[in-house]
Amino acid sequence: MNMTVRRAIVLAVIVGLLIPSAVISYFTLQGQRNTLTEQLKKDHARLTDILVLGMQEPLWNLSADAGMPLLNLIMDDERVVRVVVTDPALGVFLQAERPERRRSRLFQLRKTVVYQGSEIGQVMVEVDSGMLEALLANDRNKLLLTLGGQLLVSLALIMVLMQARIVRPLMRLTRDSERLAA
């Protein structure tokens with residue numbers, strides 16, 4: 001494959017710029033994904049623990065009305081898709097679901113409700129990772145735009161510098177040598 005000196009230099013510089021930038025961007029996004037996923041899991045566990053503690057009295061007294069405010073408060077979190085509180089004897093004690101919030105991967109966490117040493121029920125909280133995915137997609141797009149901008153600016157700078165430092169002097173040398181030969 002015959003390649004002009006100009007193309008070879010441009011290609012080498014582009015590859016030299018893109019590879020490190022792409023690798024750094026990849027590891028940055030992976031680190032951010034891991035951090036956001038861990039935060040989602042912590043928030044999920046915290047919401048579930050709050051629900052477990054808040055459902056002790058309503059389950060013990062079999063008063064679904066007493067548990068509704070807390071259930072509604074948990075459902076106010078945009079990441080929560082479904083909450084189910086069950087009683088071993090009655091089955092579903094309280095339940096709320098927002099299926100329109102399902103956009104990506106679902107995480108489900110179940111915990112037992114214990115009151116005065118007895119297991120009196122179970123709670124299940126399901127959260128969606130859609131908000132996390134949207135944040136990552138936004139950051140990925142920003143990184144790609146930055147990478148594209150870096151590439152365009154680098155190409156323009158390479159072309160200007162090659163024209164000024166290599167092509168013009170070579171053209172001048174060619175003209176002078178042709179004149180000298182004549």
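Start by selecting Leu 62, which sits in the loop between α2 (56-61) and α3 (64-75); helices (H or I, at least four residues) and strands (E, at least two) are DSSP runs, numbered from the N terminus. The model is a predicted one, in which local features need pLDDT of at least 70 and side-chain atom pairs count only at pLDDT 80 or more, while totals for chains, interfaces and linings use all residues. Residues are numbered from 1 along each chain as its sequence is written, and side-chain values use heavy atoms, with hydrogens and water left out.

Leu 62 is not a glycine, yet its phi is positive, at about 50 degrees. Show its surroundings next: not counting residues up to four places away in sequence, Leu 62 touches Asp 87, Leu 90 and Phe 93, where contact means heavy atoms within 4.5 Å. Asp 87 is 25 residues from Leu 62 along the chain, and their C-alpha atoms are separated by 8.8 Å.

Now select α3. This helix has 12 residues and reaches 16 Å from its first C-alpha to its last, close to the 16 Å expected at 1.5 Å a residue; the expected span is 1.5 Å times one less than the number of residues. Colour Gly 67, Leu 70, Leu 71, Ile 74 and Met 75, which are buried in α3. They lie on the same side of α3, because they cover an arc of only 140 degrees around the axis, the arc being that of the directions from the helix axis to the C-beta atoms. An α-helix has 3.6 residues a turn, so residues three or four places apart point the same way. Buried means under 20% relative accessible area, exposed over 50%, and partly exposed in between (1.4 Å probe, protein chains only).

Which elements cover the buried residues of α3? The cover includes α1, α2, β1 (80-87) and β2 (91-97). Turn to the face of α3 directed away from the buried side to find the exposed residues Asp 65, Pro 69 and Leu 73.

From that cover, move to strand β1 and select Arg 82. Arg 82 is partly exposed, with a relative accessible area of 22%. Leaving out residues up to four places away in sequence, the residues touched by Arg 82 are Ala 96, Glu 97, Arg 102, Gln 108, Met 124, Val 125 and Glu 126. Glu 38 is 44 residues from Arg 82 along the chain, with 20 Å between their C-alpha atoms.

Go on to Gln 116, in the loop between β3 (106-115) and β4 (118-128). Gln 116 also is not a glycine and has a positive phi of about 50 degrees. With a relative accessible area of 62%, Gln 116 is exposed.

Next, display helix α1 (residues 5-54) together with helix α4 (residues 130-181). Two packed helices are described by the angle between their axes and the distance between the axes. The axes of α1 and α4 come within 10 Å and cross at roughly 165 degrees. That makes α1 roughly antiparallel to α4, a label for angles over 145 degrees, whereas under 35 counts as roughly parallel, 65 to 115 as roughly perpendicular and the rest as oblique.

On α4, select Ile 166. Ile 166 is partly exposed, at 35% relative accessible area. Leaving aside neighbours within four places in sequence, Ile 166 is in contact with Ile 9 and Leu 161. Val 5 is 161 residues from Ile 166 along the chain, and their C-alpha atoms are separated by 10.0 Å.

Finish on α1 with Gly 16. Gly 16 counts as partly exposed, at 45% relative accessibility. Gly 16 and Arg 101 are 85 residues apart in sequence and 43 Å apart in space, C-alpha to C-alpha.

Terms used. Axes are lines fitted to C-alpha atoms, for helices over the stretch in contact, and angles run from 0 to 180 degrees between N-to-C directions.
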